[in-house]
Amino acid sequence: MILAPEIETRPWEEQRAADDTAYREQVAYLLDRSPFYREKLGIPDAAAAGGLDAIGDLPLTEKQELRASVTAQNPIGAHLCASRDEIARIYSTSGTTGTPSYIPLTAGDVDNWIAGSARSYAASGVEPGQRIVSTYNAGPFAAGAALASFERIGLCHIPVGTGNTERLVRAIQLLEPEAAVLTPSYAAHLLEWAVARDIDLRASSVRRILVAGEPGGGEPAFRAALEDGWGARVTEAMGIGDIGVSLWGECEEQDGMHLGARGFVHPELIDPETGAALAMDDGASGELVLSHLRHRAAPLLRFRTRDHVVVRTTPCPCGRTGPRVRCIGRTDDMLIVRGVNVFPAAIEGIVRRFPAVDEFQIEVFRDGALDEVRVLLEVEDAAATVAVREAFRVDLGLRLEVAAVPPRSLPRYELKARRVVRRAQ
Ligand SMILES: [Zn+2]
């Protein structure tokens, strides 16, 4: 279902022209209200920034810069543009340092988030009147804002949260939802969990699995395994807390995610090493950079997402226009093994082709700027490691150390998986 056909099928040039107008107004708003961008941009007026065609000349924004501008008086940061009475909601991210970073939204921002998220999730093919079970913990995290998009689509939403697989499977069996929203790791874990209890998820009512929260759901072999185990179609969605939830959502063609947040957000591609802008041509890959176009509470300009994506621009049979992306990993996670750039997601994609492997872990040993990798495979028969090692050599052009570990010896994940483990030498 296309939730907003007049918007989502609009020729991309028309979208771009509308976005150009919104962008110029957003830059003027930032110069007027954002101490952070007034100083960072250092331009006399919005006209000096030009339009979207010249956005690549402006500096990139790093998450770290925002954190560094936090003070006791302003715990949100110098990019805050709205007064206290204009802010309707404040999310937090825990980040890696333990200090929370806050994401404020005006009522209008919340509404735009939900509108974009609803388009992204509707692209999966779910229909009004159907039931969807969700496994997000709404709590303090931005992902919770996506939950309102299910009602916006006209679905009946059954929130069960995380932490209780028994309750989730019970809800599926008794309430018979047509769709489920999960992280890819949890969707895979559930298959294993069900097999161990003689439950056939293929016999359940679930015909669509919507995965989000981490990359991997679009990886062909992994997707095929999930689809087979669930007897359901798997599509993915992606967002980033600082910019918006489920900004992107895949349609039934399963050929990359459409920008559900079109009109709210402008996407760009850069070389993660040099920061140079790259054209969003078909097949191009690089780090995704996002700019708000009509945000109010704390808009960001050229924000580095650290998501490494591949772009598709061929027309999609679903009728939605604009570039599509597939996330192949986090730029921060990129490993350099004997001079070769490798994403853990690529290693994962290969491992997932081998049904004999129940779980795995990627151990990284860093020596200076270079990494060495050992892949631990949970297999019944250690001989299975030979085929995986050979697949690494053929597909990655690398000889990686592979070791067998006993069944059920590695951790399982319900939320974001942590399969890459960095170890001291
Ligand atoms: Zn499509």
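## The zinc site

In this predicted model, the four donor atoms around the zinc ion subtend angles of 101 to 116°, so the arrangement is tetrahedral (four donors count as such if all angles lie between 85 and 135 degrees). The protein donors are Cys251 through SG, His258 through NE2, Cys316 through SG and Cys318 through SG, and they lie 2.1 to 2.3 Å from the zinc ion. Donors here are N, O and S atoms within 2.8 Å of the metal (3.2 Å for Na, K and Ca), and since water is not among the atoms, sites may look incomplete.

Along the sequence, the donor residues follow the spacing C-x6-H-x57-C-x1-C.

## Two residues with positive phi

Glutamine 254 is not a glycine, yet it has a positive phi of about 55°. You will find glutamine 254 in the loop between strand 8 (244-250) and strand 9 (257-259). Strands are DSSP runs of E with at least two residues, helices are runs of H or I with at least four, and both are numbered from the N terminus.

Arginine 408, also a residue other than glycine, has a positive phi near 65°. Its place is the loop between strand 19 (401-405) and strand 20 (420-423).

## Helix 7 against helix 8

Helix 7 (residues 165-175) packs on helix 8 (residues 184-196) at an angle of about 85°, and their axes are 12 Å apart. Helix 7 is therefore roughly perpendicular to helix 8 (65 to 115 degrees; under 35 is roughly parallel, over 145 roughly antiparallel and the rest oblique). Axes are lines fitted to C-alpha atoms over the stretch in contact, with angles running from 0 to 180 degrees between N-to-C directions.

Thr165, Glu166, Leu168 and Val169 of helix 7 meet Tyr186, His189, Leu190 and Trp193 of helix 8, where contact means heavy atoms within 4.5 Å. By class, these residues are five nonpolar, two polar and one charged (Ala, Val, Leu, Ile, Met, Phe, Trp, Tyr, Cys and Pro are nonpolar, Asp, Glu, Lys and Arg charged, and the others, Gly among them, polar).

## Helix 10 against helix 11

Helix 10 (residues 344-351) and helix 11 (residues 384-396) pack at about 130°, with axes 10 Å apart, so the two are oblique to each other.

On the helix 10 side, Ala346, Ile347, Ile350 and Val351 touch Val388, Ala391, Phe392, Asp395 and Leu396 of helix 11. This contact has eight nonpolar residues, one charged and no polar.

## About the model

Residues are numbered from 1 along each chain as its sequence is written, and side-chain values use heavy atoms, leaving out hydrogens and water. As this is a predicted model, local features need pLDDT of at least 70 and side-chain atom pairs count only at pLDDT 80 or more, while totals for chains, interfaces and linings use all residues.

Technical notes:
Four donors count as tetrahedral if all angles lie between 85 and 135 degrees; four count as square planar and six as octahedral if opposite donors are over 155 degrees apart and all others between 65 and 115; anything else is irregular.
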